[in-house]
Amino acid sequence: MKPESPAMPLPERYTRHVVQVRDPHAELVADFREGMLEAPRWLPPKYFYDARGSQLFDAICDTPEYYPTRLESALLESRASEIVETSGAHTLIELGSGTSRKTEYLLAALNERVDDPYYVANDVCGEILDEAAERLLKRFPTLVIEALCGDYLAALSALSTLDPGPSAPRLFTFLGGSLGNFEDTEAIDLLSQIRAAMGPEDRLLLGLDRVKATPVMEAAYNDAAGVTAAFNLNLLSVLNRELGADFDPDGFYHRAPFVEAHSRIEMHLVADGDQTVQVSEPATTLQFADGEAIRTEISRKFTRPMVQQLLAGAGLSQVAEWSAPEEAYSLFLLAPGSAQA
């Protein structure tokens with residue numbers, strides 16, 4: 001782990017570290033080889049989040065159709081003090097923090113509880129971490145921020161190396177329904193990694209989107225303004241820039257249906273006509289038939305039995321729950337327990 005200078009001068013209360021365990025470019029090449037050389041094609045959603053992608057996602061959260069942010073924000077705004085008090089936290093650790101907009105509710109509650117609040121923010125985009133820190137440090141004069149720029153697992157591995165380390169007890173947060181981006185086995189593995197990083201007094205606040213009417217779920221990923229479509233298509237610009245590819249963004253369109261059999265939204269980029277794409281690294285030629293899709297994200301919507309299965313598999317126990325009306329969205333406060341087979 002190494003400190004990295006932010007793009008703008010910020011107070012000494014802010015430090016940004018690069019914590020990527022593997023070389024990000026080599027990892028992208030490996031993922032491209034695994035997911036893109038043969039049909040059905042797919043890529044993991046973490047490559048959405050370059051600087052432009054992060055800004056577009058923030059804009060998605062403001063669209064009228066995207067209910068998860070509104071529901072989660074309302075829960076955090078009304079319950080932040082109760083959440084922090086129940087957790088007993090002195091420190092907040094957030095995986096996938098992005099702009100930290102919703103996190104401000106928790107930080108405000110933490111700021112009232114302790115004299116010197118400590119916030120560990122993790123995201124793959126250093127620019128977004130810097131911009132969030134600038135805003136938060138202005139609002140909270142005694143807040144200390146350690147930013148971990150890298151993926152979730154790298155950030156979890158780096159926690160023990162922070163100096164000074166976060167004060168216990170700590171509240172880990174994984175918000176925005178982001179766990180829904182993982183298949184069941186992957187989700188349980190990630191939760192298990194979080195549990196392994198937690199001490200006995202630590203808690204995890206997990207935000208999960210719940211199953212609801214299909215039109216409502218599909219509209220959230222197909223907004224009328226086309227922001228989600230732009231976010232999805234921006235992935236092609238990332239591939240062009242990072243891999244020397246020549247994808248034509250105008251040659252693909254966005255599609256995001258709810259797949260009931262898997263209880264999830266699936267986002268795709270669909271070829272609009274037959275086309276050929278050249279890629280420099282790895283050196284390859286991709287042939288796309290008209291209508292052929294690249295799956296770029298899954299977003300699972302959880303029933304209560306699905307939630308219970310995840311927690312049991314990861315060895316986590318529920319301490320408290322806060323849900324939107326009709327259980328449209330839920331925040332679960334979890335404690336580390338014994339791992340279950």
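Me: Helices (H or I, at least four residues) and strands (E, at least two) are DSSP runs, numbered from the N terminus. So where does P282 sit?

Reply: P282 is in the loop between β12 (275–279) and β13 (284–288). One thing before we go on: this is a predicted model, where local features need pLDDT of at least 70, side-chain atom pairs need pLDDT 80 or more, and totals for chains, interfaces and linings use all residues. Residues are numbered from 1 along each chain as its sequence is written, and side-chain values use heavy atoms, with hydrogens and water left out.

Me: Got it. Is the bond into P282 cis or trans?

Reply: The bond from E281 to P282 is cis. Its omega is near 0 degrees.

Me: What joins A168 and P169?

Reply: A cis peptide bond, with omega about -5 degrees. P169 lies in the loop between α6 (152–158) and β7 (170–174).

Me: Why point these out?

Reply: Because most peptide bonds are trans, and most residues other than glycine have a negative phi.

Me: On phi, then. What is the value at S263?

Reply: Near 50 degrees. That is positive, and S263 is not a glycine.

Me: Where is S263, and is it buried or exposed?

Reply: S263 is in the loop between β10 (258–259) and β11. It is buried, with a relative accessible area of 11%. Buried means under 20% relative accessible area, exposed over 50%, and partly exposed in between (1.4 Å probe, protein chains only).

Me: And what about phi at E327?

Reply: E327 has a positive phi too, about 50 degrees, although it is not a glycine. E327 sits in the loop between β15 (316–323) and β16 (329–336). It is partly exposed, at 33% relative accessible area.

Me: Let's do strands. How covered is β14?

Reply: Mostly covered. Strand β14 runs over residues 293–300, and seven of its eight residues are buried.

Me: How does β11 pair with β14?

Reply: Antiparallel, over seven bridges. Two strands pair if DSSP finds at least two bridges between them. Strand β11 covers residues 264–271.

Me: Which residue in β14 is the bridge partner of M267?

Reply: E297.

Me: In which sense does β3 pair with β14?

Reply: In the parallel sense, over two bridges. Strand β3 is residues 41–42. The partner of R41 in β14 is I294.

Me: Switching to aromatics. How many aromatic pairs does the search find?

Reply: 12 in the whole structure. Take F48 and Y49: their rings are 6.2 Å apart, centre to centre, with 90 degrees between the planes, and the pair is edge-to-face. Rings of Phe, Tyr and Trp (its six-membered ring) pair if their centres lie within 6.5 Å; planes under 30 degrees apart count as stacked, over 60 as edge-to-face and the rest as tilted.

Me: How much space is in the largest cavity?

Reply: About 40 Å³. Grid points are joined across faces, edges and corners, and the volume is the space filled by probe spheres set on the points.

Me: What lines the largest cavity?

Reply: Y14, S97, G98, S100, Y119, A121, L129, A132, A133, L136 and I145.

Conventions. 1 Å grid on protein atoms, 1.4 Å probe; cavity = no way out; pocket = protein on both sides within 12 Å on 5 of 7 lines; lining within 4 Å.
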